[in-house]
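Please read the points below with the model open beside you. They begin with single residues and end with the whole chain.

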Amino acid sequence: MAESTFNEENEEISFQIIAAAGQARSLAYEALNRAKEGDFDAADDLMEQSRAAALEAHHVQTDLLTKEASGDHTTVDVLLVHAQDHLMTSMLAQELIGELIELHRKVQH
């Protein structure tokens, strides 16, 4: 029974990371689209929302790391690895999209 509960907790944590990271990535791409249209105020606002969503995912990840550091081991399964992958690719997308927005800003001004 404890194993089942633990897996459900692990699943919940994984889905929290996936949802927040996916939202962050989607907002970043929407920001890029706005920048392509020349709407840099909207692009900046969307990137700020993207960073907030990524921070939410990062907080969940940090909680896992804190638990691990205190000796409360988390079993790593494919879903958790998938969640971490989502978070990392989202963060990379944000960095690259931020640079692309700045390039659009320079070209259009």
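1. Asn-10 touches Thr-74, Thr-75, Asp-77 and Leu-80, leaving out residues up to four places away in sequence; touching, or contact, means heavy atoms within 4.5 Å. Asn-10 sits in helix H1. Helices (H or I, at least four residues) and strands (E, at least two) are DSSP runs, numbered from the N terminus. Asn-10 counts as buried because its relative accessible area is 2%. Buried is under 20% relative accessible area, exposed is over 50%, and partly exposed is in between, with a 1.4 Å probe and protein chains only.

2. A word on the basis of these values. The model is predicted, so local features need pLDDT of at least 70 and side-chain atom pairs count only at pLDDT 80 or more, while totals for chains, interfaces and linings use all residues. Residues are numbered from 1 along each chain as its sequence is written, and side-chain values use heavy atoms, with hydrogens and water left out.

3. Ala-83 belongs to helix H3. Its relative accessible area is 0%, so Ala-83 is buried. Apart from neighbours within four places in sequence, Ala-83 is in contact with Ser-14, Ile-17 and Ile-18. Ala-83 and Ile-17 are 66 residues apart along the chain, yet 5.7 Å separates their C-alpha atoms.

4. His-86 is also a residue of helix H3, which covers residues 78-108. Is His-86 buried or exposed? His-86 counts as buried because its relative accessibility is 18%. With residues up to four places away in sequence not counted, His-86 touches Ile-18, Ala-21 and Arg-25.

5. Gly-38 lies in the loop between helix H1 (2-36) and H2. Gly-38 counts as partly exposed because its relative accessibility is 33%. From C-alpha to C-alpha, Gly-38 and Ile-101 are 9.6 Å apart in space, and 63 residues apart in sequence.

6. Helix H2 covers residues 40-69, and its 30 residues should span 44 Å at 1.5 Å a residue; the end C-alpha atoms are 42 Å apart, which agrees. The expected span is 1.5 Å times one less than the number of residues. The buried residues of H2 include Phe-40, Ala-43, Leu-46, Met-47, Ser-50, Ala-53, Ala-57, Val-60 and Leu-64. As a general point, an α-helix has 3.6 residues a turn, so residues three or four places apart point the same way. After H2 comes Gly-71, with a positive phi near 100°.

7. What does the secondary structure of the protein come to? There are three helices and zero strands, and the pattern along the sequence is α-α-α. Of the contacts between residues at least 6 apart in sequence, 80% join residues at least 24 apart.

8. The C-alpha trace spans about 60 × 20 × 20 Å along its principal axes. The radius of gyration is 17 Å, whereas a compact globule of 109 residues would have one near 13 Å. That radius is taken over C-alpha atoms, and the globule rule is 2.2 Å times the number of residues to the power 0.38.

9. Buried residues make up 34% of the 109 residues. The protein exposes about 6,800 Å², and carbon and sulfur atoms supply 57% of it; accessible areas come from the Shrake-Rupley method with a 1.4 Å probe, and for residues only the protein chains shown count as cover.
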